Protein chains: 4
Amino acid sequence: MAIRTLVWGENVHERNNKIVAGIYPQGMHGTIAEALNSDKGITATTVTLQDPEHGLTNKKLAETDVLVWWGHAAHGEVKDEIVERVAERVWSGMGLIVLHSGHFAKIFKRLMGTPCNLTWREAGERERLWVTNPRHPIAAGLPPYFELEYEEMYGEPFGVPEPLETVFVSWFQGGEVFRSGLTYRRGAGNVFYFRPGHETYPTYHDKTVGQVLRNAVKWAYNPQPAIAKPTDAPNVPVDSAPEKITERGPKLHQAGEKGLR
Amino acid sequence: MAIRTLVWGENVHERNNKIVAGIYPQGMHGTIAEALNSDKGITATTVTLQDPEHGLTNKKLAETDVLVWWGHAAHGEVKDEIVERVAERVWSGMGLIVLHSGHFAKIFKRLMGTPCNLTWREAGERERLWVTNPRHPIAAGLPPYFELEYEEMYGEPFGVPEPLETVFVSWFQGGEVFRSGLTYRRGAGNVFYFRPGHETYPTYHDKTVGQVLRNAVKWAYNPQPAIAKPTDAPNVPVDSAPEKITERGPKLHQAGEKGLR
Amino acid sequence: MAIRTLVWGENVHERNNKIVAGIYPQGMHGTIAEALNSDKGITATTVTLQDPEHGLTNKKLAETDVLVWWGHAAHGEVKDEIVERVAERVWSGMGLIVLHSGHFAKIFKRLMGTPCNLTWREAGERERLWVTNPRHPIAAGLPPYFELEYEEMYGEPFGVPEPLETVFVSWFQGGEVFRSGLTYRRGAGNVFYFRPGHETYPTYHDKTVGQVLRNAVKWAYNPQPAIAKPTDAPNVPVDSAPEKITERGPKLHQAGEKGLR
Amino acid sequence: MAIRTLVWGENVHERNNKIVAGIYPQGMHGTIAEALNSDKGITATTVTLQDPEHGLTNKKLAETDVLVWWGHAAHGEVKDEIVERVAERVWSGMGLIVLHSGHFAKIFKRLMGTPCNLTWREAGERERLWVTNPRHPIAAGLPPYFELEYEEMYGEPFGVPEPLETVFVSWFQGGEVFRSGLTYRRGAGNVFYFRPGHETYPTYHDKTVGQVLRNAVKWAYNPQPAIAKPTDAPNVPVDSAPEKITERGPKLHQAGEKGLR
């Protein structure tokens with residue numbers, strides 16, 4: 001069965017900025033989904049910020065294997081309860097791919113536990129992404145490096161935790177560098193941050209970028225059953241302990257009582 | 001100069017539970033601070049949940065090098081804005097040591113980005129902590145293992161991200177195991193989680209536990225100047241780029257405009 | 001196509017120790033291969049120390065996707081040049097699964113860069129392996145823990161580098177703990193260490209152990225093309241630099257010269 | 001007491017290449033030691049490849065807290081037994097700082113377990129090192145980036161394991177990037193790789209480079225007592241088990257027997 005992939009698009013600049021609308025007439029989410037659907041192993045659909053519950057209903061998330069996130073102008077409009085819902089779904093096993101300005105998306109900051117800040121410059125400069133981890137699944141089929149002639153610069157320090165793996169590092173024409181492809185695991189969910197994708201440039205029409213996105217979806221996909229209650233902290237009664245023990249000492253909790261949280 | 005250490009105590013069970021009050025007549029925070037102050041390199045003071053702003057004013061945090069956190073019954077009463085303030089201070093360079101039931105403290109969950117859940121049993125069973133990382137600063141002066149005859153069991157899986165380092169792993173009489181000492185870095189702040197310390201047992205009177213706490217404070221201390229604005233994402237204007245470049249291509253932002261977030 | 005898996009068996013105790021021969025009449029490698037071959041996605045064959053070149057010819061390694069290693073009595077008899085050959089094949093993309101006493105195999109120590117030592121006791125005690133990383137591919141289909149009634153004890157500290165991920169932690173009846181399932185990446189090769197498997201006990205006949213081994217083979221498999229020369233350090237001539245530069249300053253090397261190593 | 005630091009110099013190009021001799025008349029090791037000795041907390045001395053036992057006698061290593069390594073032309077002349085001796089000393093707690101072309105030093109490859117390869121170009125191009133981990137001890141007192149106007153290029157992929165932390169990433173004029181400051185722990189020893197330092201340029205006369213070297217020595221220093229036998233794998237007899245157990249089942253080893261290795 002194909003990997004059920006949901007592309008979440010903020011869908012703001014595509015509607016109120018002529019440049020962006022011109023490059024992405026079907027929305028950035030639409031172009032990203034198209035790039036994903038070129039692989040038979042992936043079935044990508046789209047939702048946007050403007051949909052009810054931002055398109056991220058419990059039902060929809062339950063049917064999603066991997067979520068791809070692009071946002072920029074309206075991070076603050078994403079409701080906190082929806083962010084928490086998405087976080088729980090990641091912990092239960094859904095993959096998450098965060099793109100470009102999504103570094104400041106609530107869901108990414110929520111999962112990283114850090115500011116996720118960086119330096120930036122919008123000057124249409126050249127970016128060159130180097131594969132630092134050859135034959136990593138996310139770099140499958142890629143050359144040693146690839147270039148994007150026009151991109152926004154993101155510079156270090158990138159305010160994220162040490163990643164599990166660094167897959168790409170970017171060189172910028174103006175003199176900066178950036179760790180552009182980073183993997184994390186949060187609960188049972190695989191998380192990948194991928195840097196490129198400023199909305200005034202045709203980045204998601206680029207063939208190599210498309211290949212990275214498809215690779216990332218396959219890497220992030222966890223085929224195992226979702227964890228039903230990823231935040232549970234179950235009590236193990238004394239008579240269920242793997243080794244026989246006798247209860248002793250003073251107690252706070254009565255038998256059968258729930259833990260404090 | 002001594003490391004300015006602040007012990008944050010929830011101070012609930014010490015007041016409303018006779019057993020806890022009997023073991024910790026000066027509060028758990030008081031006993032912990034005493035254990036820390038036995039080292040001349042550390043100056044520990046205490047605040048509690050009941051203090052104005054939970055004792056965590058901007059002024060107090062600015063004067064704190066390392067914060068030690070114990071909470072259990074009242075995680076929910078800690079105000080979100082204070083949690084965010086503490087998180088920012090960690091990112092700017094303050095060390096943080098989270099103890100025992102603090103795994104469910106808002107500040108720990110905030111910094112981890114995961115549920116921080118586990119399994120548990122309150123049966124006064126024996127815990128044996130093994131040093132898995134010999135000669136790690138936090139294990140300085142410790143034997144290969146040490147025992148706590150009466151402790152609450154915490155069992156795996158522990159819902160946290162892969163740590164930077166695993167310093168301790170616990171064996172429990174009832175058959176479980178737990179990664180009991182884990183290090184993280186969040187921004188410029190060093191974070192250490194240490195498992196033992198159920199309030200109905202005299203854990204913080206234990207000499208080896210005291211040694212671990214003192215070691216952890218020294219390890220967590222970052223002597224460098226605090227980062228002034230740890231969440232800033234500064235724009236680098238074209239004429240400030242390290243390499244000379246010429247602006248080109250379509251733009252979203254006007255010169256001098258702030259970034260979107 | 002099935003994953004071409006090669007099980008390397010030392011095949012010493014199976015021949016000179018009646019107990020081991022009784023438990024593993026077809027050799028430990030034979031039993032392990034059988035457990036792997038119960039999955040249609042895996043084709044496992046075996047070679048042993050006694051084969052020419054220990055069965056690890058260049059041709060055989062080139063046809064191997066994942067190598068599984070069990071050795072104990074004769075680590076020192078494995079030729080250094082063969083160890084180096086296997087290491088190169090791992091760097092180029094072959095998966096490697098090291099079992100139990102293989103912690104002291106030359107190939108494991110070579111890839112870890114550490115002593116890989118531990119404490120041990122042969123007393124037929126109970127081991128309980130806890131899954132610390134639920135829904136990790138290597139833990140697919142497993143319960144929260146599983147037990148081996150008779151096993152050799154391995155205790156911490158385990159002298160290995162911090163792993164990429166900790167998948168299992170063991171509890172032992174005699175009071176020790178051990179990080180029993182650890183993942184690493186070395187070059188393009190995925191490496192997994194799995195603790196159980198003392199030769200005087202029927203560990204590799206255990207169904208859950210078989211499941212772990214099959215999971216591990218699938219996890220370790222890197223479907224991408226092997227890196228042809230994994231130790232190459234190519235010179236990039238000035239006129240091949242991605243950005244145009246002019247050579248300047250004093251030089252050590254003449255054009256076209258190989259690097260020093 | 002000051003940190004006893006030993007700078008190991010290959011001392012080949014300084015003697016047979018006029019350019020190098022001109023830049024480093026006291027040897028590169030001499031210049032490096034001088035930069036270290038400008039800090040009262042460090043006492044740096046030097047030895048070279050040409051000294052008996054390459055200057056790395058057991059006595060000398062026992063008196064060394066941190067070893068700094070620069071080599072290039074004669075990696076192959078370093079005796080394997082000395083490499084192994086240094087490795088053991090690292091595992092027992094000595095810090096190790098590997099510089100530039102030392103990426104191919106036997107001791108670095110031994111501790112990493114990987115090829116440690118990279119791409120390179122000697123064209124006197126500009127290198128800009130970005131601090132990716134602000135307020136890390138190794139970056140203490142540094143600006144966001146610093147430049148070396150003339151350096152050799154090293155490019156990704158760098159064939160090393162995922163580091164504990166990435167402290168610096170370099171930008172090169174010719175278009176490449178490189179992870180220029182990486183931390184590792186091997187046994188009780190802290191290891192830092194630092195990229196700059198091609199012998200035909202005055203890199204080790206640079207003030208900021210000197211600051212990094214001093215920071216790195218302080219970071220790498222482990223003040224705890226050395227581990228006496230860092231490769232030992234002690235047997236724990238049944239009657240010494242932390243929990244009382246009874247020996248059972250078939251055995252391979254007789255009581256008191258040494259383990260196999």
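I took helices (H or I, at least four residues) and strands (E, at least two) as DSSP runs, numbered from the N terminus. The model is predicted, so I required pLDDT of at least 70 for local features and 80 or more for side-chain atom pairs, while totals for chains, interfaces and linings use all residues. Residues are numbered from 1 along each chain as its sequence is written, and chains are lettered from A in the order in which they are written.

Entry: cavities. I defined a cavity on a 1 Å grid over the protein atoms alone, as a set of points where a 1.4 Å probe fits but cannot get out, with lining residues having an atom within 4 Å of a point. Volume is the space filled by probe spheres set on the points, which are joined across faces, edges and corners. I found three cavities of 30 Å³ or more in the whole structure.

Entry: largest cavity. I recorded a volume of about 520 Å³. Its lining has 30 residues, and A:P163, B:P163, B:L164, C:P163 and D:P163 lie nearest the centre. Strand β8 (177–186) in each of chains A, B, C and D supplies at least two lining residues.

Entry: second largest cavity. I recorded about 120 Å³. Of its 13 lining residues, C:H72, C:H103, C:W120, D:G259 and D:L260 are the closest to its centre.

Entry: chain A. I counted seven helices and nine strands. Of its 261 residues, 66% are buried (under 20% relative accessible area, 1.4 Å probe, protein chains only).

Technical notes:
Side-chain values use heavy atoms; hydrogens and water are left out. On a 1 Å grid over the protein atoms alone, a cavity is a set of points where a 1.4 Å probe fits but cannot get out, and a pocket is an open set with protein on both sides within 12 Å along at least five of seven lines; lining residues have an atom within 4 Å of a point. Buried means under 20% relative accessible area, exposed over 50%, partly exposed in between (1.4 Å probe, protein chains only).
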